[in-house]
Amino acid sequence: MNTTVPTKPMHIVQLEAEAFKRLIAVSITPDGSLVEITGKNGQGKSSTLDAIMAALAGGNAMPDKPIRRGNKSAEIRVRLAGDDGELIVKRRFTESGTTLTVTAADGTKFNSPQQLLDTMLGHATFDPMAFCNLPPREQVARIKAIAGLDEAFAAIDKKQAEVQAALTAAQARATHAQTIMRASPAPDGPDEEESIADLSSEMEAAHATIEKHRKARLWLDDQRRQQSRIVEEAAQVQAQIKALTDRLAVLDGSSKAIETLINENAPKVAAMVDPDVSGIRSRMSGIEDRNRIARLRRTNREAAKALAEAEADVSRLRRQKENAVAERETVLAEAKLPVKGLAFTEDGLTLHGQPWEQASSAEQLRASFGIAMASKPVIRVALVREGSLLDRDGLAELCRIAEEHEAQVWVERVTNGEQVGVVIEDGEVRGGGQ
Ligand SMILES: Nc1ncnc2c1ncn2[C@@H]1O[C@H](COP(=O)(O)OP(=O)(O)O)[C@@H](O)[C@H]1O
Ligand SMILES: [Mg+2]
């Protein structure tokens, strides 16, 4: 397929429909940018506008029962023309379904006709007046989509949700740490536990020293007893001194030798000081209590640290949350909206600083048209179904706005037999069709 897709504005130059809804057969060749479809109630005016929607938009724009009662098939042909050439859109309905063809002026058929039409219709709403009457939040949602803000808001929402989750977790950690601290009060006492094993070996060493000293004292006593025995014996020997002089001399010698030993060791032994086991014993007796306190103090210290960290997280995440809110406000403030003077809050649109519903109908219509045409759709056709609400001035205003946007507007209006625009009667054109 070599045919190029038109990019310049296109309008409907001919609409033909047969057996579509209320219509028997119509052929309309518009003249000018305002196409008035008029007639009494129930004659087929809406069916005419619906035919344009069903042919071009397909999908949801198609009615449940498109074929006129009593017929087997229906067909709509829309001839579009613009500076880039012509296209013929043909949609057929039979009992088994619908078919669509889009043909270029040279007779070439496009491969994906609905996709082609969708790109040419863009975001344009077919009915700008319907936009005026949407609930405020729905209007805001459409404007966001047109201004491409949905993604920016989705990203901010996602970030905010993540920050909120992290904040909730940090707050839970803080609460948990506080609970631990309350359950583990920290009385005065040691910060570290003392080793029972070390204290036991210290006790063992002390007992060994005591034993050594005890043996030394026994030995000294022994020596003393031995000397007194010798002295005693010497006294006895004194009586037999004569016979035992030699023996006495020997004993004297021995006595002196032992005395020397005693003199040498007595001061050392006297200076021996026993270690005080009572201190060790008292430390041992209180050790479990003190260690329990040390454990409590450690738990409390750790929980205090966790609390400080969690509190730091909480304030950091609170700041991040505030940043996300600020970011949302910046996006809102910097958003490029399709119409001058148009702005919005989450609750609704404003026009030149006034709430949307306080703007005049003409201002609303002008803005709605601007929104509908914001994406500069190639097929620049708008359908206004509530034309009966507009007086002559309103219609003239609508015509001016349409021309500003190089758009063609099809307006449905109830009339009572007057010859205005294209008159539809009993499913057919009764006047003004050509
Ligand atoms: N498939 C159909 N076959 C026959 N009549 C239909 C079909 N669909 C709608 N109608 C009839 O068309 C009439 C409404 O037509 P419509 O185009 O809305 O009129 P208008 O807009 O001029 O008031 C209703 O009476 C409805 O019953
Ligand atoms: Mg109608």
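Residues are numbered from 1 along each chain as its sequence is written, and chains are lettered from A and ligands numbered from 1 in the order in which they are written. This is a predicted model: local features need pLDDT of at least 70, side-chain atom pairs count only at pLDDT 80 or more, and totals for chains, interfaces and linings use all residues.

**Stop one: ligand 1.** Select its shell, where a residue is near if its C-beta atom, placed from the backbone, lies within 6 Å. You get 14 residues, with Arg22, Lys45, Ser46, Ser47 and Arg69 coming nearest. Helix α1 gives the largest share, 3 residues; helices (H or I, at least four residues) and strands (E, at least two) are DSSP runs, numbered from the N terminus.

**Stop two: Trp410.** Leaving out residues up to four places away in sequence, Trp410 touches Val35, Ile37, Leu49, Ile52, Val381 and Leu383 (contact: C-beta atoms, placed from the backbone, within 7 Å).

Pick β4 (residues 73-82) and β5 (residues 85-94), antiparallel over 10 bridges; strands pair if DSSP finds at least two bridges between them. Gly82 is bridged to Gly85 in β5, and a hairpin joins β4 to β5 through 2 residues. Look for Ile88 opposite Thr103 in β6.

How values were computed: Contact = placed C-beta atoms within 7 Å.
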